[in-house]
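Hello,

I am handing over the structure we spoke about. Please look it over first; my notes on what was found follow below.

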Amino acid sequence: MQAVPSLLDANDSVFIVVDVQDRFLKRLDKEVSEQVTERICWLVKVADWLDVPILVTAEEIAAVGPTNARVRGCIPESSEDLDKVVFDMAGQADILKRVDETGRKTAVLAGLETDVCVLHSAFGLAGEGYRVAVVADACASPQAGHEHGLARLRDAGIELVSTKGLFFEWVRDLEVCHNFFRNSGIGTPKGLYIG
């Protein structure tokens, strides 16, 4: 019997930014790179406003470098880069421990690259019992990798959500939505209509 679908709950979510590093961003078309970084920054701000824990991974920092400065500037200082030396973050004990310590059971992923680290991590976290959702328009890979990654995630039963869709699932009602736009001081990402 198929599980009954349910909306993503901000109170059960942890938002994980995966490997948004300059070396990976440079492999993307400039427009895609800018859109992904802008949407991730916006989702980080939304998550922070809603008290959703934020974790950030960066692949092999000594060799690849830290999280992109623009994205890093949006992330609370308390969420330092977790140095990821495997493609699947759930396969690295210290990172999985940090995910577990949030007490949340829904992992929402955005970042790079869709068909490698995002996909491996989504599969790994699902294997650890997490409900996993990937923000499809806040992830990217060069060339056809993004679409291949999304197709494989979908085929495996990983939930795909849009930036806009995630926002509305997390805020749930008009009062919270209006409160966000009136009081957060956070606008909307370029090219994304929310209102």
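This is a predicted model. I start with the salt bridge between the side chains of Lys 84 and Glu 59, where N and O are 4.0 Å apart. Lys 84 belongs to strand β3 (residues 81-84) and Glu 59 to strand β2, so the bridge ties together parts that lie 25 residues apart in sequence. Both ends are buried: Lys 84 has a relative accessible area of 0%, and Glu 59 has 14%. Asp 19 joins Glu 59 and Lys 84 in a network of salt bridges.

The whole structure holds nine salt bridges. Another of them pairs Glu 159 with Arg 131, with the closest N and O atoms 2.6 Å apart. This pair also links distant parts of the chain, as Glu 159 is in strand β6 (residues 159-161) and Arg 131 is in strand β5, 28 residues away. Here the residues are partly exposed, Glu 159 at 29% relative accessible area and Arg 131 at 23%. By contrast, Lys 97 and Glu 101, whose closest N and O atoms are 3.4 Å apart, both sit in helix α5 (residues 93-101), about one turn from each other.

Now the nonpolar side. The largest nonpolar core has 41 residues, and Phe 15, Ile 40, Val 135 and Trp 170 touch the most other members. Helix α2 gives the largest share of this core, eight residues. A separate core of 25 residues includes Val 14, Leu 96, Leu 109 and Ala 122.

Lastly, there are zero disulfides. Cys 74 is buried at 19% relative accessible area, and Cys 177 is buried at 9%.

Regards

Terms used
Residues numbered from 1 in each chain as written. Predicted model: local features only at pLDDT ≥ 70, side-chain atom pairs only at ≥ 80, totals over all residues. Heavy atoms only, no water. Core = buried A, V, L, I, M, F, W, Y, C linked by side-chain atoms within 4.5 Å. Buried < 20%, exposed > 50% of the residue type's maximum accessible area, 1.4 Å probe, protein only. Helix = DSSP H or I, 4+ residues; strand = E, 2+ residues; numbered from the N terminus. Disulfide = S-S within 2.5 Å.
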